[in-house]
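Hello,

I am passing a structure on to you, and I hope you enjoy exploring it. Please open it below and keep it in view while you read my notes.

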Amino acid sequence: MKMGITCVAFIGPQNNPMYLRSMDPATDDHYLKLHYIVHCALDAVEEKVLLKRGPSDSQDVYLGLLYPTEDYRVYGYLTNTHVKIILLLDDEAPIKDEAVLRVLRRLHSLYVDTTSNPFHKFGLPITSPRFDAQLEQIVALYPRPGASLGGFTT
């Protein structure tokens, strides 16, 4: 089963974009579309967090499928520092939640390793070439047919 990762985004606690990466070379219009989808996902994240909140409930970091679009399925993950990891997958084949969770955990681990650097300032955009390279390695484990690892980052 192939899981095509189209876009990865890290959004800060104040809903500020810290990192957004398209896995394919993107035109400006396509990039804006991905940015819009990620922005819309923030509403779904807040809704899921509010619905799960309770007096004795522990917050689940894996938010699951946030919403489907015509072309993508949008999944979310919330870190304990309220950084949101948004993953856009091609809407081509059925995907198991365990596989998505595995990718999101790897991305979370990469984020923790990167932000543990004493020179990194929390909440600012991630500009590390090492982060880019390791993200590409994670995404390469879950290729979609015909995908390249070109891409566009912010």
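**Charged pairs**

Let me start with glutamate 136, which is partly exposed, with a relative accessible area of 27%. For these labels, buried means under 20% relative accessible area, exposed means over 50%, and partly exposed lies in between (1.4 Å probe, protein chains only). Please bear in mind that the model is predicted: local features need pLDDT of at least 70 and side-chain atom pairs count only at pLDDT 80 or more, while totals for chains, interfaces and linings use all residues. Residues are numbered from 1 along each chain as its sequence is written, and side-chain values use heavy atoms, with hydrogens and water left out.

How many salt bridges does the structure hold? There are 2, a salt bridge being a side-chain nitrogen of Lys or Arg within 4 Å of a carboxyl oxygen of Asp or Glu. Side chains of opposite charge can pair when their charged atoms come close.

Glutamate 136 has arginine 21 as its salt-bridge partner, with 2.8 Å between the closest N and O atoms. This pair links distant parts of the chain, 115 residues apart: glutamate 136 is in helix 3 (residues 129-140) and arginine 21 in strand 2 (residues 17-22). Helices (H or I, at least four residues) and strands (E, at least two) are DSSP runs, numbered from the N terminus. Arginine 21 is buried, at 4% relative accessible area.

Aspartate 71 and lysine 33 make another salt bridge, their closest N and O atoms being 2.7 Å apart. Here, too, distant parts of the chain are linked: aspartate 71 sits in the loop between strand 3 (62-68) and strand 4 (72-78), and lysine 33, 38 residues apart from it, in helix 1 (residues 28-52). Aspartate 71 is partly exposed at 33%, and lysine 33 is partly exposed at 35%.

**Aromatic rings**

The structure also holds 4 aromatic pairs. Rings of Phe, Tyr and Trp (its six-membered ring) pair if their centres lie within 6.5 Å; planes under 30 degrees apart count as stacked, over 60 as edge-to-face and the rest as tilted.

Among them is the stacked pair of phenylalanine 10 and tyrosine 111, at 5.7 Å centre to centre and 20° between the planes. Phenylalanine 10 lies in strand 1 (residues 5-11) and tyrosine 111 in helix 2 (residues 97-115), 101 residues apart. Phenylalanine 10 is buried at 0% relative accessibility, and tyrosine 111 is buried at 3%.

Phenylalanine 10 also pairs edge-to-face with phenylalanine 131, at 5.4 Å centre to centre and 70° between the planes. That pair joins strand 1 to helix 3 across 121 residues. Which residues form the aromatic cluster? Phe10, Tyr19, Tyr111 and Phe131 form one cluster.

**Helix 2 and strand 5**

Buried residues in helix 2 include Leu104, Leu107, His108 and Tyr111. What covers the buried residues of this helix includes strand 1, strand 2, strand 3, strand 4, strand 5 and helix 3.

Aspartate 90 belongs to strand 5 (residues 84-90) and is buried, with a relative accessible area of 11%. The side chains of aspartate 90 and threonine 6 are joined by a polar contact of 2.8 Å. A polar contact is a pair of N or O atoms within 3.5 Å; within protein, one must be able to donate a hydrogen and the other to accept it, and residues adjacent in sequence count only if both atoms are side-chain atoms.

Best wishes

Conventions: Contact = heavy atoms within 4.5 Å.
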